[in-house]
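Opening my notebook on this one.

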Amino acid sequence: MVMKNIAFYVMNSKGLFVLKNYIEKFGANAIDYVVSEQDKAVQYDGFQEIKQLAQSNNIPFYPRTKFDVEIENKFSGLKFAIGWRWLIKNETNLIVFHDSLLPKFRGFAPLVNSLINKELRGGVTALFADCKYDRGDIIAQKSTDFSYPIKIEEAIRQIEPLYFELVDKIYTRQLAGEPLTGYKQDENQATYSLWLDHEDYFIDWTWPSEKIKRFVDAVGYPYDGAKARLNDEVINFKEVDVPDDVVVEHRERHIGKVIFIEQGLPVIVCKQGLLALKEITDENGRKVRINFRSRFK
């Protein structure tokens, strides 16, 4: 028997993008239900838009905390998890979509970490769920090349279509009655990407300035944004640049200090290179001007 119905466990703009395009191509009648949840760790989680889209198309919608697992247990179709952060207890017919080319960057925030690393190629993997996260057999992958500098919001827009291409491919295969098969991951190539908490958004001033810029770009909107401490105040880094370096005597003692104010922009000493602060704000979003004798930590 060919399983034609689909359930979606979706979050953020990637989940919203897939849900919109799936409804446009296949219709809402093929979706049994949609589960989503709010994510307070990011500035945009797509929850309200996902909820509105499902309800406006008469698709049963459930917040994760109010979802009856009995509905899941009775469901026999495919379950697609996109941007999902929690365990789905019933792994039967569960396909997870992960924004890296597995087995690289298993785990959390893979796109953020790959951009910090300046990976030239990224993408999305569709895999069967496994009791050990992101270790299931790979069904299919789609890749894309990144050009730097690139902000996380741009990278997300770049990979969103890849998610739908994979969903389209898998669902079309199911409609044709073709079996879904996968292949084992190469454990020798596996790397892991860990979850981010509040402290992980603070800049490591021992990094080279080019890596710090990639970090600022990688944790910007919809994430919480790069931060540093200045006189016990938290400063948010919105936009930075990497000017030409100069020779700094005893550089290791002066990391984090302002060395120049150029055209109103403070320039900071890093372990390697300099960092120009084009836009920084306080915790209330107000632009911050700093004086010459300032040191970020």
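**Entry 1: a pair in a sheet.** I started at Val 269, which stands opposite Leu 274 in E14. The two strands here are E13 (residues 265-269) and E14 (residues 274-281), and they pair in the antiparallel sense over 3 bridges. Notes on terms: two strands pair if DSSP finds at least two bridges between them. Helices (H or I, at least four residues) and strands (E, at least two) are DSSP runs, numbered from the N terminus.

Before going on, a reminder to myself: this is a predicted model, where local features need pLDDT of at least 70, side-chain atom pairs count only at pLDDT 80 or more, and totals for chains, interfaces and linings use all residues. Residues are numbered from 1 along each chain as its sequence is written, and side-chain values use heavy atoms, with hydrogens and water left out.

**Entry 2: the sheet around that pair.** I looked up the strand order and got E10-E11-E14-E13-E12, an open sheet of 5 strands with antiparallel pairing. Strand E10 (226-230) and strand E12 (258-262) are at the edges with a single partner strand each, so one side of each has no neighbour in the sheet. From one strand to the next the twist averages 45°. For angles, axes are lines fitted to C-alpha atoms (for helices over the stretch in contact), and values run from 0 to 180 degrees between N-to-C directions.

I then checked E12 against E13: they run antiparallel and 4 bridges join them. Val 258 stands opposite Ile 268 in E13. The hairpin of E12 and E13 has 2 residues between the strands, and Gln 263 takes a positive phi near 50° there.

Entry 3: Helix H6 (residues 209-218) lies across E10, strand E11 (233-241) and E14, and runs at about 105° to E11. Is H6 enclosed by the rest of the structure or left open? It is largely enclosed, because 8 of the 10 residues of H6 are buried. Buried means under 20% relative accessible area, exposed over 50%, and partly exposed in between (1.4 Å probe, protein chains only). The buried ones include Ile 212, Phe 215 and Val 216, and Lys 213, Arg 214 and Asp 217 are on that list too. I looked for what covers them and found, among others, helix H4 (110-116), H5, E10, E11 and E14. Contact here means heavy atoms within 4.5 Å.

**Entry 4: the other sheet.** I moved on to an open sheet in which 7 strands follow the order E3-E2-E1-E4-E5-E7-E8, with mixed pairing. Its edge strands are E3 (61-63) and E8 (138-145), each pairing on one side only. Neighbouring strands are turned by 15° against each other on average, direction ignored.

Inside this sheet I picked E5 (residues 94-98) and E7 (residues 121-128), which pair in the antiparallel sense over 4 bridges. Phe 97 has Ala 126 in E7 as its bridge partner.

Two helices pack on the sheet. Helix H1 (residues 12-26) touches strand E1 (6-10), strand E2 (31-36) and strand E4 (78-82), and its direction makes about 155° with that of E1. Helix H5 (residues 152-175) touches E1, E4, E5, E7 and E8, at about 150° to the direction of E8.

**Entry 5: two residues up close.** Ala 126 lies in strand E7 and is buried, with a relative accessible area of 0%. Which residues does Ala 126 touch, not counting those up to four places away in sequence? I got Ile 95, Val 96, Phe 97, Ile 138, Ile 139, Ala 140, Leu 166 and Ile 170. Lys 142 is 16 residues from Ala 126 in sequence and 8.8 Å away in space, C-alpha to C-alpha.

Glu 154 lies in helix H5. At 44% relative accessibility Glu 154 counts as partly exposed. From Glu 154 to Val 69 I noted 85 residues in sequence and 36 Å in space, C-alpha to C-alpha.

**Entry 6: the whole protein.** The protein has 6 helices and 14 strands. Its C-alpha trace spans about 75 × 40 × 30 Å along the principal axes. Of its 297 residues, 48% count as buried. Among contacts with a separation of 6 or more, residues 24 or more positions apart account for 69%.
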